Amino acid sequence: MQIILFGAPGVGKGTQAKILSQKYNIKHISTGDILRHAIAERTDLGNAAKEVVERGDLVPDNLIGRLVKETLINMDYKKGFILDGFPRTITQCGLLDRIFEELKIENPYFVILKADTEIVVNRLTNRRLCTECATIVNIKDLDDTQTCPNCGARNTCIKREDDKDSVVRKRLEIYRKTTFPVIDYYKDKYTLAILNGTDPIDVVTQNIIKVLS
Ligand code: AMP
């Protein structure tokens with residue numbers, strides 16, 4: 001099963017992708033997670049992307065296209081995957097088309113999660129990311145010891161640099177102008193499922209599962 005999970009920052013793609021990847025035993029490919037990991041490890045990719053990611057801009061299309069292609073080639077992509085955070089520009093759609101053509105990947109599920117801007121701003125500014133297990137946590141679910149509710153690590157749940165209020169607004173503006181048109185690009189190519197991302201997490205998961213089945 002090949003799934004492209006699409007939607008604005010903060011709509012819940014990462015949370016849903018993690019649940020679905022466990023349920024279907026398929027790999028979750030998050031371009032944002034790959035970049036953050038590279039930044040933390042100070043690899044060449046991380047050093048090249050750090051400033052761009054932290055100020056909320058998009059890293060160059062070719063770089064991210066290469067990254068996705070390498071990730072797919074180095075895994076059992078025929079078994080299935082969930083793509084989260086790619087494609088984000090029309091140029092990336094062209095790159096993805098070529099990758100899918102080369103790897104003979106046809107008719108992926110294209111699932112769009114939607115939510116109002118104010119809701120996603122609220123979610124993004126109130127969320128923390130566990131640097132140990134990459135789980136996304138709302139601050140209301142963290143106690144004084146800041147223990148990650150998923151992996152139990154202490155003091156590992158941090159606010160992402162790009163989840164600061166001004167950067168969040170910029171990322172949403174980039175989504176509106178540059179990423180949203182991706183839907184139009186694919187509307188005649190794939191069947192698109194549009195779901196409400198503001199429902200409770202388990203309801204969104206159930207709705208996605210319904211679409212996939
Ligand atoms: P995300 O975790 O998906 O919100 O991504 C975090 C940041 O990583 C984005 O704000 C971009 O700076 C960068 N990034 C992730 N995916 C892409 C992509 N497909 N194209 C360009 N930049 C990306």
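Axes here are lines fitted to C-alpha atoms, for helices over the stretch in contact, and the angles run from 0 to 180 degrees between N-to-C directions.

Before going on, some ground rules. This is a predicted model, where local features need pLDDT of at least 70 and side-chain atom pairs count only at pLDDT 80 or more, while totals for chains, interfaces and linings use all residues. Residues are numbered from 1 along each chain as its sequence is written, and side-chain values use heavy atoms, with hydrogens and water left out.

Back to the helices. Two packed helices are described by the angle between their axes and the distance between the axes. There is also handedness: a crossing is left-handed if the near helix is turned anticlockwise from the far one by less than a right angle, and right-handed if clockwise. α6 passes α7 in a right-handed crossing. Now look at α4 and α5, whose axes are 10 Å apart and pack at an angle of about 25°. That angle is why α4 and α5 count as roughly parallel to each other. Their crossing is right-handed.

Rings of Phe, Tyr and Trp (its six-membered ring) pair if their centres lie within 6.5 Å, and the planes are called stacked under 30 degrees apart, edge-to-face over 60, and tilted for the rest. By that rule there are eight aromatic pairs. Take Phe-81 and Phe-100: their ring centres are 6.2 Å apart and their planes sit at 50°, so this pair is tilted. Phe-81 belongs to strand β3 (residues 81-84) and Phe-100 to helix α5 (residues 90-103), so the pair ties together parts that are 19 residues apart in sequence. To say how hidden a residue is, we use relative accessible area: buried means under 20%, exposed over 50%, and partly exposed in between (1.4 Å probe, protein chains only). Phe-81, at 0%, is buried, and Phe-100, at 2%, is buried too.

Then there's Phe-110 with Tyr-190, whose ring centres are 6.5 Å apart with planes at 25°, so the pair is stacked. Phe-110 lies in strand β4 (residues 109-114), while Tyr-190 is in the loop between α8 (181-186) and β8 (192-196), so the pair ties together parts that are 80 residues apart in sequence. Phe-110 is buried at 1% relative accessibility, and Tyr-190 is buried at 10%. Both residues belong to one aromatic cluster, made up of Phe-6, Phe-110, Tyr-175, Phe-180, Tyr-185, Tyr-186 and Tyr-190. Elsewhere a ring meets a charge: the charged end of Lys-23 sits over the ring of Tyr-24, 5.4 Å from its centre. For that to count, NZ of Lys or CZ of Arg must be within 6 Å of the ring centre and within 35 degrees of the ring normal.

What about the cysteines? A disulfide is a covalent bond between the sulfur atoms of two cysteines, and the test here is a pair of cysteine sulfur atoms within 2.5 Å. Searching the whole structure turns up zero disulfides. For Cys-133, the closest cysteine sulfur is in Cys-130 at 3.7 Å, which is too far for a bond. Cys-151 is in no disulfide either, as its nearest cysteine sulfur, that of Cys-133, is 3.8 Å away. Cys-133 is partly exposed at 25% relative accessibility, and Cys-151 is partly exposed at 36%.

Finally, visit some loops. The loop between β6 (136-138) and β7 (157-158) holds Gln-146, which has a positive phi of about 55° although it is not a glycine. Gln-146 is partly exposed at 28% relative accessibility. Asn-155 lies in the loop between β6 and β7 and, though not a glycine, has a positive phi of about 55°. Asn-155 is exposed, at 58%.

Notes. Helix = DSSP H or I, 4+ residues; strand = E, 2+ residues; numbered from the N terminus. Parallel < 35°, antiparallel > 145°, perpendicular 65-115°, else oblique.
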